[in-house]
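Me: Pick one part of this model and take me through it closely, strand by strand if need be. I'd rather have one connected story than a list.

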Amino acid sequence: MTDSLMSFPNPEEVLSRTSALVAGPTHGVIISPDGEVEEYDHGALRRKIRGQAFLICNPPVIARRLGMAGQKALDVLELFAFVRPAQFCLPLPRGLARALKIEIADHSLEDEGLILIEAARRLIREIAAPNYPYPEGLLAQARQMAEAGWSWGPLILGALKSSETATEWRVWDHLPEWEEEAPPAPPGTEPVGREEAIERLGALIGANAEQRESQKDYTALAAHTFDPPETAEEPVVVLAEAGTGIGKTLGYIAPASLWAEKNDGTVWISTYTKNLQRQLDQELDRLYPDPATKARKAVIRKGRENYLCLLNLQELSQSATQNEGRILLGLVQRWARYSRDGDMIGGDFPSWLGEHFGQSRLAQLTDRRGECIYAACAHYKRCFIEKSRRRSRKASLVIANHALVMIQAATRTAVNKDGKLESVKDPDLPSRYIFDEGHHIFDAADSAFSAHLSGQEGLDLRRWVRGAENSKRRGRGLEGRLEELVAGDDEARSLLQEVIHAARCLPADGWHGRLIDGSPFGPAEHFLAAIRQQLYARNGSREEFHSIECPPMPPVEGLPEAAEALQQSLKALVTPMKGLSARLLKKLDQEADELDSASRNRLESLSQSISRRRETIEFGWIPMLDVLAGHKAPDEEFIDWFELDRQGGREVNVGFYRHWVDPSLPFASTVLKSAQGSMITSATLRDRLTENHNPDVEWHTAEVRTGAAHLISPPLRQSLNSPFDYPAQSRIFIVNDMNKRSLDQLAAAYRELFLAAGGGALGLFTAISRLRGVYQRLAGPLEDEGLPLYAQHIDPINVATLVDIFREVEHSCLLGTDAVRDGMDVPGPSLRLCVFDKVPWPRPTLLHKARRKRFGGQSYDDLITRLRLKQAYGRLIRRQSDRGVFVMLDGATPSRLLSAFPEGVEVERIGLAEAIQKTKEFLSET
């Protein structure tokens, strides 16, 4: 240890001399520990703080607002993450205040500075207390991070006043291990009756809760999901549209939990957004108030790329040389020891660390490229992913997401020990599903069942097979995973070498630069170069900012030959992959008396991994190339196109894409038909076309977009109206006297509407460029009025956290696009105004064009748009006491779209000034 770390300062003395810095959108303040306040505009503030250290909160936000990075500072958020690992805190001063129970007199910048000063003092005292609840590795981590230059390190060591010599502390040595258990027996088939389901609902909501007949009816409907099916080809499917306020979460948890108990089975509850996964987890506290019971009975499942990989953490910890990286790894180790399940995306991980230290650093800590070595890993018995999988097999309720369900439920082909293809299915999957946010099933299936032959996908596969060829990082490739298992097996080693050699046809590191330079290398890069040539030839100028696309037919000269060459190379890769997969399974059979459990697990897992990737090539990429090479006619069930992906005007990927025109077809085949019962529910399943109801027409949309239309037996379907009085609780205005193309007029409209509402306002945009332009014109005026403004694509904060901030900061305003609209659940006055910049028509891509042709032309455009409007409006009224205004700043909004809104709510087409006045009057009414 260096001499500078042998004696440490008294943290109380240091903090007594350290001022706090808070920056707003246009000005900031410096607050001394004794309460003296200095206020400056951004220019003066930059000059004032240069070279000095301050207490701050959220450095990326401060850096963006002040236009300066690298400011010396003590970030109180980082201190919180160290002192209270795995505890939630909004990345704001008021978030610290809530977490630490600091009373807030006001929400001014001055008060935020005082919060930072008090929070730092409390956290330093807390860590030195004799009953501190998070002691493991505390001293060792503090020393390691101090050596890396962490500003808080010396102060923490000074607070600890320990004379102990800190030995190296590694979190992977201190995590509990899982134990192997016998597989559970198949669940029973006893149904759930209406009365017992309603009785369970009553127990969940409590005896003193409001009794809602509509919620009871919904629970009774949900119970039918657990009726035994009559035939193997006719699963029970329930379509349930439940208006906002019904209480559908507890409504379906009641019969689901009851069925799981009666039948010793597992029900998977699937959502589209991570936000709802988190809300569901919180609701389950009612069912399982004891944390230990809840840990056994309820499990959150996500894709493995969401979880911390302990092997990656170990290798990065041993190789990290940059101080910033070592500081991040110290905070991650603190979190990992006390995390509930190791979930880094939407779990108890402080998500703002990605913005602080770089998302790329965090990505290296998860298994995003399928490099897991399973039982060969020294941390296999402590692996968060393996723990989650094993717990879910015994759990009553598993909270998953649509993407994971679809990927795992899809019937895949595997190579058996005789070298023949056979169907396999994930044994962990249940017989009963509940799909919440069911209106997103079509989009989730579109993503899950698509095939992308692009530079990035090809590079990822090459790295998986050949390892990190030009890097010292782990990524040992297939040989590194298999070398011990195939030692002495000449046939397996020969097949392995064939796979490694054949994978040279795929794009290598630096592929994109070679395409731009006109020097592609290998079959895949020549193919991608031809695609890129065609994209630019069919789209004109190279100076475009956005991504571009074009049809694959007719191909430019040389493209069919490039497709043929790549196809032959891929076939040469598929053959040894198939043989190697079969050979690994054969070893399981032939060496059954010799292999230990770990080796058996590795062989089986690697065989399945090889089969999955071989399937992508054999049944995805090769058939796509068949069409380009002229061997087959295009399949009408699919839409193919070329696309050049740009981010910020910079090329990042190029490739050949194939999607199902109707992705609900593979969803029905692989998910619904493989289960005995499924419920699909949402507040927006149907599309109400006119005031004259036609139930069959309205439900047709839901059946087509959820896959129920592809089943033999019709689904049980029912719609339950919201208990809210929408005509009394809301207003809808369409502004008809402004030029929506003028950013100045648009920004003025947002400004005055937001001010009229006094905050609590959500601004939705159909284009990021318009959002940015409005934000620049809006930030100053709103700050002057004391209304905080946050924005997606501008603030260095992820969407889920932005929504959390918006919910917490009652009079704030938030600008965003589709992701904000879909992830929004903000009851109460924090959301009382929703403003749309223009009609959210579908983007006219080649994929949308194909679906438009299949599903009814203009009526399909109208359907998508009505559902988007319905979702946006539905964000406003979440409680009986809520009041809200919905404003469309597009006078050309067609009347045929207005059936998206609830019956009885008058839609007024008025001028901007009148809309502003009526918004103010309505929201000021008590």
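## The parallel sheet and what lies beyond

Reply: Let's start with strand 7 (residues 267-271) and strand 9 (residues 397-401), which pair in the parallel sense over five bridges; two strands count as paired if DSSP finds at least two bridges between them. Across that pairing, Ser270 stands opposite Ala400 in strand 9. Helix 18 (residues 384-394) packs on the sheet here, touching strand 8 and strand 9, and its direction makes about 140° with that of strand 8. Contact means heavy atoms within 4.5 Å, while angles run from 0 to 180 degrees between N-to-C directions, with axes fitted to C-alpha atoms and, for helices, over the stretch in contact.

Before going on: this is a predicted model, so local features need pLDDT of at least 70 and side-chain atom pairs count only at pLDDT 80 or more, while totals for chains, interfaces and linings use all residues. Residues are numbered from 1 along each chain as its sequence is written, and side-chain values use heavy atoms, leaving out hydrogens and water.

The order is 8-9-7-12-17-6-18, an open sheet of seven strands with parallel pairing. Strand 8 (298-300) and strand 18 are the edge strands, each with a single partner, so one side of each has no neighbour in the sheet. From one strand to the next, the twist averages 15°. (Helices, H or I with at least four residues, and strands, E with at least two, are DSSP runs numbered from the N terminus.)

What joins strand 6 to strand 17 (residues 677-682)? Six bridges do, with the two strands running parallel, and Glu241 stands opposite Ser682 in strand 17. Strand 18 (residues 716-720) also pairs with strand 6 in the parallel sense, over five bridges; there Ala240 has Gln718 as its bridge partner.

Phe724, Tyr726, Phe836, Tyr873, Phe886 and Phe901 are linked by ring pairs into a cluster. Rings of Phe, Tyr and Trp (its six-membered ring) pair if their centres lie within 6.5 Å; planes under 30 degrees apart count as stacked, over 60 as edge-to-face and the rest as tilted. By that rule the count comes to 22 aromatic pairs. Take Tyr726 and Tyr873: their ring centres are 5.7 Å apart with planes at 55°, so the pair is tilted. Tyr726 sits in helix 30 (residues 726-729) and Tyr873 in helix 36 (residues 858-874), 147 residues apart, so this pair links distant parts of the chain. Both Tyr726 and Tyr873 are buried.

Tyr750 and Phe754 make an edge-to-face pair, 5.7 Å centre to centre with 85° between the planes. They lie four residues apart in helix 31 (residues 743-757), which means about one helical turn separates them. Tyr750 is buried, as is Phe754.

Technical notes. Buried means under 20% relative accessible area, exposed over 50%, partly exposed in between (1.4 Å probe, protein chains only).
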